[in-house]
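Student: I have just been handed a protein structure and would like to get to know it. Could you look at it with me, one question at a time?

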Amino acid sequence: MKPTFLEFRHLKTLLALKETGSVSLAAKRVYLTQSALSHQIKLIEEQFGLPLFERKSNPLRFTSAGERLIRLANEVMPKVVDLSLIHISEPNGDAGQLRIAVECHTCFDWLMPAMDEFRRHWGLVELDIVSGFHTDPVGLLLSHRADWAIVSEVEYNDDVIFKPLFSYEMVGICSKDHPLAEKEIWDAEDFADETWVTYPVPDDMLDLLRKVLKPKGINPTRRTTELTIAMIQLVASRRGIATIPYWAALPYLEKGYVVARKVTKEGLYSNLYAAIRKEDESLSYLEDFYQTVKAQSFSTLPGLSVLDL
């Protein structure tokens with residue numbers, strides 16, 4: 001049996017015939033002469049070796065083979081139209097995929113509302129978070145395994161564009177009956193004899209270590225946990241102290257589980273940036289996602305500061 005083929009124009013012809021019930025009216029619907037449309041019908045029938053409709057019926061009465069092709073056309077045409085819309089939209093940045101990679105354990109607290117807001121306006125963009133915590137989100141961008149990354153440091157690279165999100169304060173937290181709760185400001189020396197509870201990340205990603213402890217030659221005993229709530233439980237039970245973003249600590253401060261204190265007189269501040277591939281700079285949905293994340297963050301997270309590059 002020889003293979004059979006249906007083209008997009010054939011599907012349009014079949015639907016036009018079904019909707020109008022007339023070869024002459026269908027020809028007008030698809031902008032063909034009646035003879036050209038009749039020739040197209042003949043080609044389809046030759047492909048399948050079966051008549052599509054009864055020639056002298058008015059309106060047209062389709063054969064069982066014709067009705068099966070009509071059902072196929074009704075199933076396929078909407079999908080072809082959707083694909084055409086995506087093909088048209090993508091060059092303008094109206095559709096595509098947006099896979100997000102983060103190197104911040106507390107990012108999800110404020111990223112999810114921004115994602116929900118973004119979805120309302122960009123229904124053709126497939127939005128997802130690259131699973132897991134990543135120490136090299138820029139590498140994921142460059143290998144095309146992610147499309148938008150949240151990073152704490154700018155790595156100058158000709159193929160990557162960095163945009164500032166915000167600056168935020170890291171606070172020290174301890175139990176309410178811990179001796180350090182009596183101090184309003186913690187210095188490097190206050191960590192020397194404590195167990196410091198951190199997320200399991202490389203040392204160069206721990207701002208307290210880089211900016212406060214290392215310059216003083218202090219490297220306290222450490223304990224790690226993936227979850228913020230587990231960190232809070234350890235701190236509340238006096239099994240260590242920690243430093244986390246103020247916005248992450250706030251719900252537990254309000255419930256009285258722990259207390260927060262300033263780290264150094266100047267305060268300990270960290271930064272977050274968005275990163276995208278330079279080749280994607282013209283995609284409008286990426287720019288809108290950046291603006292949405294910034295707007296949502298400043299409206300929902302306490303204590304943020306404007307960050308410049």
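Student: Are Phe 118 and Trp 122 buried or exposed?

Tutor: Before we start, this is a predicted model, in which local features need pLDDT of at least 70, side-chain atom pairs count only at pLDDT 80 or more, and totals for chains, interfaces and linings use all residues. Residues are numbered from 1 along each chain as its sequence is written, and side-chain values use heavy atoms, with hydrogens and water left out. Now to your pair: buried means under 20% relative accessible area, exposed over 50%, and partly exposed in between, with a 1.4 Å probe and protein chains only. By that rule Phe 118 and Trp 122 are both buried.

Student: Why does the ring pair of Phe 118 and Trp 122 count as stacked?

Tutor: Rings of Phe, Tyr and Trp (its six-membered ring) pair if their centres lie within 6.5 Å; planes under 30 degrees apart count as stacked, over 60 as edge-to-face and the rest as tilted. The structure holds eleven aromatic pairs. In the pair of Phe 118 and Trp 122, the ring centres are 6.0 Å apart and the planes lie at 15°, so the pair is stacked.

Student: Which element gives the most to the lining of the second largest cavity?

Tutor: On a 1 Å grid over the protein atoms alone, a cavity is a set of points where a 1.4 Å probe fits but cannot get out, and lining residues have an atom within 4 Å of a point. The second largest cavity is lined by Trp 148, Ile 161, Lys 163, Ala 274, Ile 276, Glu 281, Leu 286, Glu 287 and Tyr 290. Elements giving two or more residues to this lining are β6 (160–174), β12 (268–277) and α10 (284–300), where helices (H or I, at least four residues) and strands (E, at least two) are DSSP runs, numbered from the N terminus. With three residues, the top contributor is α10.

Student: How many charged residues does the lining of the second largest cavity have?

Tutor: Ala, Val, Leu, Ile, Met, Phe, Trp, Tyr, Cys and Pro count as nonpolar, Asp, Glu, Lys and Arg as charged, and the others, Gly among them, as polar. Sorted this way, the lining has six nonpolar residues and no polar ones. The number of charged residues is three.

Student: Which elements do the buried residues of α8 pack against?

Tutor: Helix α8 spans residues 228–236, and its buried residues are Thr 228, Ala 230, Met 231, Ile 232, Leu 234 and Val 235. Contact here means heavy atoms within 4.5 Å. The partners of those buried residues are β6, β8 (195–198), β9 (221–224), β10 (241–245) and α9 (246–254).

Student: What is the phi of Arg 238?

Tutor: Arg 238 comes after α8, in the loop between α8 and β10. Arg 238 has a relative accessible area of 44%, so it is partly exposed. Although the residue is not a glycine, its phi is positive, near 60°.

Student: And His 144, where does it lie?

Tutor: His 144 is not a glycine, yet it has a positive phi of about 60°. Its relative accessibility is 38%, so it counts as partly exposed. Its place is the loop between α6 (137–142) and β5 (148–151).

Student: Which residues does Thr 264 touch, leaving out those up to four places away in sequence?

Tutor: Thr 264 sits in the loop between β11 (259–263) and β12. Its relative accessible area is 15%, so Thr 264 is buried. Its contacts are Ile 185, Trp 186, Asp 187 and Val 212.

Student: How far apart in space are Gln 34 and Val 23?

Tutor: Gln 34 belongs to helix α3 (residues 34–48). Beyond its neighbours within four places in sequence, Gln 34 contacts Val 23, Ser 24 and Ala 27. Gln 34 and Val 23 are eleven residues apart in sequence, and their C-alpha to C-alpha distance is 6.8 Å.

Student: Finally, how much of the chain is buried?

Tutor: The chain has ten helices and twelve strands. Of its 309 residues, the buried share is 47%.

Note on methods:
1 Å grid on protein atoms, 1.4 Å probe; cavity = no way out; pocket = protein on both sides within 12 Å on 5 of 7 lines; lining within 4 Å.
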